[in-house]
Amino acid sequence: DVTEIEEKEAQAKQEEQIMKEQELSNLLHEKRYLKALGLAISLDRPHTVLTVVKAILKEPDGRKHLEENIVRLRKDQKEAVLAFLVTWNTNSRNCHEAQAVMETLLRHEAPDTLLQFSGIKSAVESLLPYT
């Protein structure tokens, strides 16, 4: 019977998730935005990433800080943020944050690099009507 083992694994995963949520909350409170972005992306939480982006933009020189943080993300993280911002851009409450992130990506990534992002074609097709 493997039920007990599966229950323990599920409980361990749930505890790990709770720990990551607490860490994310702490990072936001401490204004350690790069780590917070990375953790929210790894948890696959588009809304949390949006919350971090909004927090960065509320800071003095928010655009500059957003740019510094987005540029330092890994390629796979930038791909995830691009996928998230496609959804954000469709909502008028979040479109400004989506546009700010998109502007940063377009400014700092070479066109050839952007073309290598997974899902770039569908992202551009989805962004065009709302941009």
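**View 1. Lys 20 and its contacts beyond its sequence neighbours.** In this predicted model, Lys 20 touches Leu 39 and Leu 43, once its neighbours within four places in sequence are set aside. You can find Lys 20 in helix H1. With 27% relative accessibility, Lys 20 counts as partly exposed, because that class covers values between 20% and 50%. If you follow the chain onward, Arg 32 is 12 residues from Lys 20 in sequence, and their C-alpha atoms are 15 Å apart in space.

**View 2. Helices H1 and H2 side by side.** Here you see H1, which spans residues 3-29, together with H2, which spans residues 33-42. Their axes come within 8 Å and cross at roughly 150 degrees. The two helices are therefore roughly antiparallel to each other, since angles over 145 degrees fall into that class. The crossing of H1 past H2 is left-handed.

**View 3. The residues where H1 meets H2.** Take a moment to pick out the partners from each helix. H1 brings Lys 20, Glu 23, Leu 24, Leu 27 and Leu 28, while H2 brings Tyr 33, Lys 35, Ala 36, Leu 39 and Ala 40. Sorted by class, this contact has 7 nonpolar residues, 3 charged residues and no polar ones.

**View 4. Glu 79 in helix H5.** Now we move to another helix: Glu 79 lies in H5, which covers residues 75-89. Is Glu 79 buried or exposed? At 16% relative accessibility, Glu 79 counts as buried, because the cut-off for that label is under 20%. Leaving out neighbours within four places in sequence, Glu 79 is in contact with Gln 116, Phe 117 and Ser 118.

How values were computed
Residues are numbered from 1 along each chain as its sequence is written. This is a predicted model: local features need pLDDT of at least 70, side-chain atom pairs count only at pLDDT 80 or more; totals for chains, interfaces and linings use all residues. Side-chain values use heavy atoms; hydrogens and water are left out. Axes are lines fitted to C-alpha atoms, for helices over the stretch in contact, and angles run from 0 to 180 degrees between N-to-C directions. Helices (H or I, at least four residues) and strands (E, at least two) are DSSP runs, numbered from the N terminus. Angles under 35 degrees count as roughly parallel, over 145 as roughly antiparallel, 65 to 115 as roughly perpendicular and the rest as oblique. A crossing is left-handed if the near helix is turned anticlockwise from the far one by less than a right angle, and right-handed if clockwise. Contact means heavy atoms within 4.5 Å. Ala, Val, Leu, Ile, Met, Phe, Trp, Tyr, Cys and Pro count as nonpolar, Asp, Glu, Lys and Arg as charged, and the others, Gly among them, as polar. Buried means under 20% relative accessible area, exposed over 50%, partly exposed in between (1.4 Å probe, protein chains only).
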